[in-house]
Amino acid sequence: MARLHEFQGKALLAEHGINVPRGRAVRSAEQARTVAEEIGGPVVMKVQAWTTSRKAQGGVVFAKTPEEAAGHGEKLLSMTFGSFPVAEVLVEEMLDITHELFVSMSIDDAAQAPLLLLDCAGGSGIEDRAATVTRLPVSATDGVDADEVRRTVEASQIDKSLHDELVDVICRIVDLGRTLEARSMEVNPLVTTGDGRIVAADCRMAIDDYAVFRHPELGIEIARELDHPATDLERLAYKMEENDHRGTFYFAQLPTAGAGDSRGLIGFHGAGGGGSMMSMDAVTNEGFAIANFCDTSGNPSVAKVYRAARVILSQPGLVGYFGSGSGVASQEQYHSAYGLAKAFIEMQLAIPAVIRLGGNSEDRAVAILDAASRMVPATIEGYRKDDTPAFCAQRFRTLVEESGGRPDGMTRHVPEFVNSNTAYSFPITGGTVWIDHDRCDRDAAGPIIEHSADLLELNDAGKPVLAASEEDVANKDSELIACEIECLRAGKPVIFVDLAIPGLDDSA
Amino acid sequence: MSIIIDRSKRVLVQGITGREGRARTTLMLGAGTNVVAGCTPGKAGQEVEGIPVFDTVKDAVEAVGQVDVSVVFVPARLVKGAAIEAIEAGIKLVVLVPDRVPVWDAMTIAAKAKEHGARFVGPNTLGIISPGQGVLGMIGGKASSAKEWFNGPTPGRTVGVISRSGGMTSSCGYYLSRKGIGLSTLVHVGGDSVIGLPIPDIALMFEEDDQTDAIVIFGEIGGSQEERLADLMNQGRVTKPVIAYIGGKAAKEGTRFSHAGAIIEGNRGTHAGKVKALREAGATVVEAFGDLPDAALNVLSKLQPAGA
């Protein structure tokens with residue numbers, strides 16, 4: 001879920017006509033002092049961190065004077081919650097609270113519909129009073145029934161003069177959550193104050209990852225829930241996924257603090273959630289620490305698998321590369337094999353790799369990996385559906401031990417004919433295809449034409465050229481990479497699909 | 001018999017002219033699925049594998065007559081429109097294959113389906129296969145593979161499979177088949193939180209299916225599908241034996257972001273909670289995935305053969 005900070009949520013509430021406390025988020029002690037001066041009275045200061053026990057961990061404090069606010073600001077901004085250093089502190093007026101309400105909309109998977117939880121004696125300890133919370137159904141298209149909200153509000157102890165406005169505010173909160181496609185939208189507490197105001201004292205909101213594209217105004221950079229600030233590699237991987245929707249590519253780095261006590265840090269490449277989890281268990285059982293989680297599945301393009309492998313390999317300190325998914329894939333596994341082979345050959349893989357590509361065309365997939373193994377310094381072994389994750393993990397351990405278990409730096413190898421004036425080239429999405437016409441003899445042209453799915457043909461001089469328009473080949477990376485790998489297998493390195501990755505490769 | 005798909009079902013493919021739609025139509029036909037029409041706006045008059053293409057679902061239904069199931073292969077952001085179009089045209093079962101469908105779209109589809117008495121599988125489903133009968137979606141790939149991987153039903157030794165993981169649906173089917181167990185239907189319910197037909201609903205279908213002797217579940221942590229199946233077993237609404245594996249035991253507990261999750265789910269959602277609920281309801285729950293086929297075999301061997 002793409003979570004928003006309290007101050008971001010409150011800004012949205014305010015835009016939607018709901019009162020929020022006076023104040024704003026600050027990034028320095030000096031700013032904290034300024035905001036406290038502007039407010040001109042006691043303030044509450046809250047770290048902007050994704051945790052449910054912010055108060056208990058000392059992340060919420062009070063200040064009577066601007067001096068005190070500056071001092072607290074200094075301290076709060078040096079705190080860390082989980083892996084997240086505090087970047088912002090929200091400084092707000094202290095409220096004179098009369099009543100607290102719990103207002104929370106979330107998604108009820110069993111009902112396949114949103115659900116509003118409402119408690120007019122809400123606030124802290126709400127989980128313990130689950131039975132007293134009113135549950136109101138919400139229509140995904142029409143929101144909540146105001147009359148039902150009114151019945152709940154009228155049954156409370158809250159001053160009657162505020163009921164109309166309260167009902168309106170609660171309906172607006174639901175409305176905002178619905179408009180922004182929130183997975184959860186919680187105002188806890190919504191308060192009434194001594195001076196007769198209704199104010200959202202807190203706000204936690206998470207937007208549906210899959211709907212973030214419809215809400216560019218929210219400025220969400222990575223629509224994924226991570227337990228740490230996004231790393232450069234994660235940002236880079238997310239950008240790739242954003243631009244290529246053929247299959248899924250998910251990449252997240254894991255904490256590697258425990259790697260020192262393990263048999264070494266490894267790159268992990270899974271396929272499908274369930275199978276990946278089992279495969280990670282198998283390789284962890286052999287004593288390895290996993291640097292990253294990665295999933296390429298749902299019939300991904302070859303370029304996507306290639307890029308995923310490149311991202312995994314760019315992590316420093318890896319002693320091996322372990323790939324394994326559900327084991328009985330419905331997709332054609334040779335596509336994934338081509339993508340992996342391209343990455344391994346280009347990087348001249350120096351650490352052992354074990355890849356379990358069970359499923360459709362697994363024999364062809366394993367043959368491609370075997371061929372790649374002969375073209376790189378390290379050993380690559382491919383396995384099938386009848387080879388269990390546990391067996392593959394043991395095999396992996398043996399190979400890592402035989403290799404000495406040392407990480408090795410790798411650099412990308414690009415053939416000399418790339419960017420040369422004499423080579424034939426054409427663009428595809430995210431890269432360029434180069435064919436070395438000078439060295440492309442009849443033996444080299446054979447596999448190119450055979451695997452090009454009629455995208456390439458021989459010209460009068462017997463050299464492969466485009467048979468289709470540039471537009472038609474733009475997304476044919478799968479076929480063109482197949483041509484490249486098959487030429488390499490034939491000992492004829494005359495075609496190269498240059499998919500330089502911005503952020504990883506200088507030439508991109 | 002089988003559930004959801006068999007040779008008698010008349011199937012429409014929405015998005016039939018796209019990359020996946022075209023490829024999967026070929027594979028579904030190869031698996032025996034009776035695909036009667038396809039549609040893609042603006043492509044009326046074309047044919048894919050000899051299947052006529054129409055602009056709209058309504059046009060397709062008017063031209064070819066009754067359609068039992070529509071399988072949707074359109075980009076995620078167009079799924080809501082496609083599903084509602086199918087439901088409004090009177091189709092009672094829609095299979096939503098695409099991944100990344102926004103959850104508010106899924107809830108809107110759910111509301112529309114209830115209004116029209118329709119049901120849907122997915123979103124984010126690999127699909128459904130009844131070996132020897134037909135496929136909806138992507139499961140199995142080539143017909144020759146599916147035939148090699150998945151046994152058809154075997155009297156007295158046939159299970160139905162319900163899985164929350166796409167890849168593991170096929171894995172379950174393959175490893176069960178290798179033990180000589182027959183399969184009526186394999187269903188991937190979909191990987192999203194809001195799905196049309198979750199585990200308990202599919203289990204009720206298997207309960208009614210005379211060919212299914214037992215039900216195999218590949219569950220996962222999160223949500224309440226497994227617990228709701230246990231509820232049905234406790235109520236006597238699912239009486240066939242259930243053999244289950246729950247994935248994600250090692251996954252660390254996610255930090256709860258909001259209080260609502262805890263209130264709605266109570267203690268539902270955890271690995272331990274699911275295993276306990278299912279075991280108390282009488283299910284056989286294995287700790288290791290590799291033990292699932294033997295456990296299923298063991299349960300089947302104790303059943304009274306039909307008619308005995």
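Predicted model: local features only at pLDDT ≥ 70, side-chain atom pairs only at ≥ 80, totals over all residues.
How many bridges join strand 10 of chain B to strand 11 of chain B?

Residues are numbered from 1 along each chain as its sequence is written, while chains are lettered from A and ligands numbered from 1 in the order in which they are written.

Let us begin with chain B and the opening question. Five bridges join strand 10 (residues 158-163) to strand 11 (residues 182-188) of chain B, and the two strands run parallel. Here strands are DSSP runs of E with at least two residues, helices are runs of H or I with at least four residues, and both are numbered from the N terminus. Two strands count as paired if DSSP finds at least two bridges between them. In general, strands of a sheet pair through backbone hydrogen bonds, either parallel or antiparallel. To find one point of this pairing, look for B:Val159, which stands opposite B:Leu183 in strand 11 of chain B.

Strand 10 of chain B is largely enclosed by the rest of the structure, because six of its six residues are buried. A residue is called buried if 20 or more other C-beta atoms lie within 10 Å of its own, exposed if 12 or fewer do, and partly exposed in between, with C-beta atoms placed from the backbone. Both faces of strand 10 of chain B are covered: B:Thr158, B:Gly160 and B:Ile162 are buried on one side, and B:Val159, B:Val161 and B:Ser163 on the other.

B:Val135 counts as buried because 28 other C-beta atoms lie within 10 Å. Leaving aside residues up to four places away in sequence, B:Val135 touches several residues, among them B:Ile5, B:Leu27, B:Met28 and B:Ala146. Touching, or being in contact, is defined by C-beta atoms, placed from the backbone, that lie within 7 Å.

Stepping back, chain B has eleven helices and 14 strands, and 59% of its 308 residues count as buried. Its C-alpha trace spans about 55 × 50 × 30 Å along the principal axes. The radius of gyration of chain B is 19 Å, which agrees with the value near 19 Å for a compact globule of 308 residues; this radius is taken over C-alpha atoms, and the globule rule is 2.2 Å times the number of residues to the power 0.38.

Chain B is assigned domain 1 (10-121) and domain 2 (150-301), with bounds that come from an automatic or database domain assignment. The centres of these two domains of chain B, taken over C-alpha atoms, are separated by 27 Å. Nine residues from domain 1 of chain B and seven from domain 2 of chain B make the contact. On the domain 1 side, helix 4 (103-116) and strand 7 (119-121) of chain B each give two or more residues, and helix 4 of chain B provides the largest share, five residues.

Now to chain A, whose secondary structure comes to 14 helices and 28 strands. Of its 508 residues, 49% are buried, and its C-alpha trace spans about 90 × 50 × 45 Å along the principal axes. Chain A is divided into domain 1 (22-93), domain 2 (97-218), domain 3 (232-403) and domain 4 (424-498).

Four strands of chain A form an open antiparallel sheet in the order 2-7-3-4. Strand 2 (23-26) and strand 4 (60-63) of chain A are the edge strands, each pairing on one side only. Strand 2 of chain A pairs with strand 7 (residues 89-93) of chain A over four bridges, and A:Gly23 has A:Glu92 as its bridge partner there.

Finally, how do the chains meet? The contact takes 56 residues from chain A and 50 residues from chain B. On the side of chain A that touches chain B, helix 7 of chain A gives the largest share, six residues. By class, this side of chain A has 20 nonpolar, 23 polar and 13 charged residues. Nonpolar here covers Ala, Val, Leu, Ile, Met, Phe, Trp, Tyr, Cys and Pro, charged covers Asp, Glu, Lys and Arg, and the others, Gly among them, are polar.

Methods. Contact = placed C-beta atoms within 7 Å.
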